Amino acid sequence: MTEEEIKAEIILDHYRNPRNYGKLENATSAITEYNPICGDTVHMQILFEGNAVRDAKFIGRGCSISQASASMITEMIKGKTVDEVMAMKKDDFLSVVGFNLGPAREKCALLSFNAVEKLVKGYKK
Amino acid sequence: MINPERIKKDFPIFSNNPDLCYLDSAATTQKPRQVVDAIENYYYSCNSNVHRGIYKISEDATNRFESSRENISKFIGSRDPRQVVFTRNTTESLNLLAYTLGKSLHAGDEILLSTMEHHSNMIPWQFLREKGVIVKYADITPEGTLDLHDLTGKMTKKTKIVSLTHVSNVLGCINPVNEIAKIAHDNSSLFVVDGAQSVPHMPIDVERMNCDFLAFSGHKMLGPAGIGGLYGRFDLLDNLPPFMGGGEMILNVSLDGATWNETPLKFEAGTPNIEGAIGLSAAVDYLRKLGMDNVRNHEKELIGYTMKRASEVEDLIFYGPRNPEMHGGVFTFNIGDVPAFDLERDLSERSVSISSNGIHPHDTATIMDRDDIAIRSGHHCAMPLMTRLGVSATSRASFYVYNSKEDVDRFFAAINDVKVAFAK
Ligand SMILES: Cc1ncc(COP(=O)(O)O)c(C=O)c1O
C-alpha cells in the first residue's frame, strides 16, 4: 500500500466507524459548521474544564472527508490543553487527513477544524 | 443524426484529454474549433470598438457584432434582432428584467416562480420583496415535474409576472411553456422563461412559445463565457427603463440628465463583449448545422438509455420524469439516501451512524474523477429544490452533442466503482 492508499483507508475507517459520534450531554460549547457548496455539516461539541479539552463529540452529515476529519479531530483534541489546540495549524491537520485533497475537498476537511478553532477561541475569551 | 465521434473531432479538448468523459455540459459546454476560430479571426482582422468608430475596421467590427445579434435572434425564432439584448449570461438577463420590470411594481404585487428554479431565477425577484412585492412558488409533483395545478392555484389578479425555467437543471423536466404562456396571459401576467437549459438543447421558437422574455447563456451552448442574451417582445422591451448607465446606452447627455439610446442598445451600457457575441454566433451556426431537432433527439436517446440502465441499479435514486419525452439531457441522482442534516432530530437519534445512509455526492464525484469522468455534485444552485427533495446534495451527469452511449456505459461502470469503494 502506498502512503496515499493508507490514508484513504484511514479516512474510510473513520467515516464508517466515526469516533466520538453523538450527543455530548454536558458540553460547555457547541457550534454547527456548514459548507453551503455541498451541504456538509458538522456539529461539534466540547466539554472544557479549566485549561483543558476534557471531552469532544460531534454529529454531522456529509461526504467521507468532512465526517472522517471531524472524527479524527475529536480524537486529536481530547485531553489536550486549550493552548495546544490553539497551536494546531491548518496545514498540519490537512496533512494528517490526507494529501492532494484539492481545494474543493480541503474545504470539507477544514469544516471540523474551523468548528474547533471557533470553539476554542470563544472559550479563551 | 448526431455522430458524437465525428463531433468530438471538432473539440480539441478531447484530443488534449483523450480519456475525458465530460458529463457536465449543464454547467458549461466545451467549445468547438469553429467558435474559437471566429473569435481569433475577429481579433486578428478587425478588432476595434463598435458603434462609434468612423474607420473601416470599426465598421467591420460593428457589422459582425450586429449580424451576430441577427443570427442569434433568428436562432430562437425572433423576427426582429432588436428583440435580443446582449448580456453576460442568464443571470444578468434575469437581473436586468427584475430590475427594470420591478420599477413599476408596487407593494402587494405578486411574482410567481417555482421551487425548482435556479438561484438566478429566484434571488433577483426576491430583491423586490424590499418594496413589498410578494414572491410565490409553484410546487413540484412527486414525479419531479412542475405542478401546473399548484401553479394556477397560486395565480391571482395580483400576479404581475410568472417566471419559470423551461428545463430544470436538476430534475431535467421540460416544462410545458406554451401552455403556461397561455395561462399567464389569460391572467394578464407577463411570462418570463429561463432558457439556460433549453436554448442549447432543443428547437426554440419564441414567437410560437409566446413568452414575453427568454434568458439564455452562451457558454452553455458551445459559445464563450461572458456572453448571453435576453429576448424580449419589442414593445415590452421598448417601454422598459434602462438597466445600467454609462456609455453606449445613451443618446444625449447633459449635466442634468440624458436620453436613452434605442432598444436594445439602451440596455447595453459600456463596451459590449464583441468577441463573445461573434463567438456565440459561430456556436449558433454550428448548432444549426447539426439541426436542433437532431440535438434534442440525440439527448432524448441518451437520457432514455440512462434512465433504463439506472432503473436496473440497486440503490440508485434518480430524479425527474421517467418519460424521456419530458426529460432533457440531465441525469440527477444519489446512491442511497442522502438526507439533509437536521440538528434536533440527528442529536436525538444517536444510534444513526453517519455512513449508514447513502454515498455522499462529493465522494461519488471524486471516485468518478479517478475514472476521468467529470460530473457535478452539490446543490446545483437550487438549494430550495434540494430542501424540497429532502436531500443535502445530489450528483448530476448531463449530456450534449459530443456525448455517446459509450459515455453512459463508462458512467455506469464508474457507479459500480463508487459502490465498491464505499462498500461496507
Ligand atoms: C436553469 C438555469 N438557470 C440559470 C442558470 C444560470 O446561468 P449563468 O450562470 O450562465 O448565468 C443556469 C446555469 O447553471 C441554469 O441551469
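A salt bridge here is a side-chain nitrogen of Lys or Arg within 4 Å of a carboxyl oxygen of Asp or Glu. By that rule, the side chains of B:D363 and A:R105 meet in a salt bridge, at 2.8 Å from N to O. This is a predicted model, in which local features need pLDDT of at least 70 and side-chain atom pairs count only at pLDDT 80 or more, while totals for chains, interfaces and linings use all residues. Residues are numbered from 1 along each chain as its sequence is written, chains are lettered from A and ligands numbered from 1 in the order in which they are written, and side-chain values use heavy atoms, with hydrogens and water left out.

**Interface of chains A and B**

- The rule finds one salt bridge across the interface of chain B and chain A.
- Seven residue pairs, both at pLDDT 80 or more, are in polar contact between chain B and chain A (a pair of N or O atoms within 3.5 Å; within protein, one must be able to donate a hydrogen and the other to accept it, and residues adjacent in sequence count only if both atoms are side-chain atoms).
- On the side of chain B that touches chain A, helix 13 (343-348) and helix 14 (361-370) of chain B each supply at least two residues (helices, H or I, of at least four residues and strands, E, of at least two are DSSP runs, numbered from the N terminus).
- Helix 13 of chain B gives the most to that side, with four residues.
- The contact (heavy atoms within 4.5 Å) takes 29 residues from chain A and 27 residues from chain B.
- About 2300 Å² is buried between chain B and chain A, 59% of it on carbon and sulfur atoms (the accessible area, 1.4 Å probe, that two parts lose on being put together, summed over both).

**Ligand site**

- The ligand is surrounded by 13 residues, and the closest are B:T91, B:D194, B:Q197, B:H219 and B:K220 (one heavy atom of the residue within 4 Å).
- A nitrogen atom of the ligand is 2.5 Å from an N or O atom in the side chain of B:D194.
- An oxygen atom of the ligand lies 2.7 Å from a polar side-chain atom of B:K220.
- The side chain of B:H118 has an N or O atom 3.1 Å from an oxygen atom of the ligand.

**Backbone**

- Most residues other than glycine have a negative phi, and most peptide bonds are trans.
- B:T263 and B:P264 are joined by a cis peptide bond, with omega about 5°.
- B:P264 is in the loop between strand 10 (257-260) and helix 11 (274-290) of chain B.
- B:L222, a residue other than glycine, has a positive phi near 75°.
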